[in-house]
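Here's a quick tour of a protein model for you. Take a look at the structure first, then work through the notes below.

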Amino acid sequence: MTTTIRRDTKSWKAQVWISFGVAVTVCATGLGWLPGADLERAFMVMGYVFCLSAVFALSKFVRDKELRGNDTPMWSVVVWSGFAFAIGLTGWGLYQMDINPTYKAYLLVTWLFLISSAFTLAKMLRDDHEADVAEHKE
């Protein structure tokens with residue numbers, strides 16, 4: 001009995017990496033030109049980095065739980081609350097900033113694009129890893 005190993009196409013992988021690269025670039029551009037105090041800019045940069053980290057942790061947690069289901073309940077609380085805090089604090093910081101509404105909308109859209117593309121990248125990388133593992137078992 002032969003197992004078929006499904007892999008993503010090269011064009012899909014390229015699109016995911018390009019999308020993530022564009023998201024990082026437009027976020028970095030928006031944050032780099034962010035008007036206001038250095039402390040506000042630093043808060044937003046850390047918020048975006050916190051969100052990225054939380055996205056990858058949550059993606060791994062959800063996938064691992066589906067495959068093995070052996071994580072402790074406290075780890076579930078840590079991962080989900082970390083993601084909620086990252087999103088909540090960054091959103092709150094963005095909402096509280098005293099900047100032009102158009103600029104605020106730009107930062108919001110690029111932030112959501114970054115989160116979305118990071119989830120897609122995490123899934124693609126995990127799928128690729130699992131295909132490699134399955135291929136080596138044969």
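Which side chain meets Arg 63 in a salt bridge? The partner is Asp 127, with N and O 2.3 Å apart. Before going further, keep in mind that this is a predicted model, where local features need pLDDT of at least 70, side-chain atom pairs count only at pLDDT 80 or more, and totals for chains, interfaces and linings use all residues. Residues are numbered from 1 along each chain as its sequence is written, and side-chain values use heavy atoms, with hydrogens and water left out.

- A salt bridge here is a side-chain nitrogen of Lys or Arg within 4 Å of a carboxyl oxygen of Asp or Glu.
- Side chains of opposite charge can pair when their charged atoms come close.
- Back to that opening pair, Arg 63 with Asp 127: Arg 63 sits in helix α2 and Asp 127 in helix α4, 64 residues apart, so the pair links distant parts of the chain.
- Helices (H or I, at least four residues) and strands (E, at least two) are DSSP runs, numbered from the N terminus.
- Arg 63 counts as buried, because its relative accessibility is 19%; buried means under 20% relative accessible area, exposed means over 50%, and partly exposed is in between (1.4 Å probe, protein chains only).
- Asp 127 also has a salt bridge with Lys 123, and here the closest N and O atoms are 2.5 Å apart.
- Lys 123 and Asp 127 are both in helix α4, four residues apart, which is about one turn of the helix.
- Lys 123 is partly exposed, at 46% relative accessible area.
- Zoom out and you'll find a network of salt bridges linking Lys 60, Arg 63, Asp 64, Lys 123, Arg 126, Asp 127 and Glu 130.

**A salt bridge that spans the chain**

- Searching the whole structure turns up eleven salt bridges.
- One of them joins the side chains of Arg 7 and Glu 135, at 3.5 Å from N to O.
- Arg 7 is in the segment before α1 (10-32) and Glu 135 is in helix α4, so this pair ties together parts that are 128 residues apart in sequence.
- Both partners are partly exposed: Arg 7 has 34% relative accessibility, and Glu 135 has a relative accessible area of 40%.

**How α2 and α4 cross**

- Helix α2 (residues 38-67) and helix α4 (residues 101-137) have axes that come within 9 Å and cross at roughly 35°.
- Those axes are lines fitted to C-alpha atoms, for helices over the stretch in contact, with angles running from 0 to 180 degrees between N-to-C directions.
- The crossing of α2 past α4 is right-handed, a label used when the near helix is turned clockwise from the far one by less than a right angle.
- Sort the residues of this contact by class and you get 15 nonpolar, two polar and seven charged.
- For that sorting, Ala, Val, Leu, Ile, Met, Phe, Trp, Tyr, Cys and Pro count as nonpolar, Asp, Glu, Lys and Arg as charged, and the others, Gly among them, as polar.

**A nonpolar patch on the surface**

- Phe 43, Phe 50, Phe 85, Leu 89 and Trp 92 make up a nonpolar surface patch, with about 520 Å² of accessible area together.
- To join such a patch, a residue needs over 30% relative accessible area and no salt bridge, and nonpolar side chains (Val, Leu, Ile, Met, Phe, Trp, Tyr) are joined within 5 Å, while like charges are joined within 9 Å.
- The areas come from the Shrake-Rupley method with a 1.4 Å probe, and for residues only the protein chains shown count as cover.
- Helix α3 gives the largest share of the patch, three residues.
- Phe 43 belongs to helix α2 and counts as partly exposed, at 34% relative accessibility.

**Far apart in sequence**

- Ile 99, in the loop between α3 and α4, is buried at 13% relative accessible area.
- Ile 99 and Pro 35 are 64 residues apart in sequence, yet their C-alpha atoms are 7.1 Å apart in space.
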